[in-house]
Amino acid sequence: MKADLEVLRAKFLKAYSSVPDKLRDDVVAVVDDKTYSWNSAFIEVNGKTPLGDKIIRKLEEIGMFGQK
């Protein structure tokens with residue numbers, strides 16, 4: 001599971017790096033009825049927080065990273 005999270009984290013960081021600066025304040029995920037922008041998601045995912053893990057799992061669930 002941990003390796004899987006690392007793979008998802010890497011995919012998120014790659015996707016984040018390709019998002020234009022002007023769009024990084026846009027909502028990318030809703031977790032526990034709270035919205036997260038690209039920037040706030042980046043802070044959580046890069047910090048390897050439990051919330052960051054939830055965010056990347058949600059993004060995987062909605063197909064953000066393509067096929068496994």
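These notebook entries follow my look at the salt bridges in a predicted model.

**Ground rules.** I number residues from 1 along each chain as its sequence is written, and my side-chain values use heavy atoms, with hydrogens and water left out. Because the model is predicted, local features need pLDDT of at least 70 and side-chain atom pairs count only at pLDDT 80 or more, while totals for chains, interfaces and linings use all residues.

**Entry 1: the count.** I searched the whole structure for salt bridges (a side-chain nitrogen of Lys or Arg within 4 Å of a carboxyl oxygen of Asp or Glu). The search came back with eight.

**Entry 2: Arg-57 and its partners.** I found Arg-57 paired with Asp-4, with 2.9 Å between the closest N and O atoms. This pair joins distant parts of the chain, as Arg-57 sits in helix 3 (residues 50-61) and Asp-4 in helix 1 (residues 2-17), 53 residues apart. Helices here are DSSP runs of H or I with at least four residues, numbered from the N terminus.

I also saw Arg-57 bridge to Glu-60, at 3.6 Å between the closest N and O atoms. Both residues belong to helix 3 and are three residues apart, about one turn of the helix.

**Entry 3: buried or exposed?** I used relative accessible area: buried is under 20%, exposed is over 50%, and partly exposed is in between (1.4 Å probe, protein chains only). Arg-57 is partly exposed at 25%, and Asp-4 is partly exposed at 31%.

**Entry 4: Arg-24 and Asp-21.** Their side chains meet in a salt bridge, 3.5 Å from N to O. Arg-24 counts as buried because its relative accessibility is 15%, whereas Asp-21 counts as exposed at 62%.

**Entry 5: a network.** Lastly, I noted salt bridges linking Glu-6, Arg-9, Lys-48 and Asp-53 in a network.

Methods: Helices (H or I, at least four residues) and strands (E, at least two) are DSSP runs, numbered from the N terminus.
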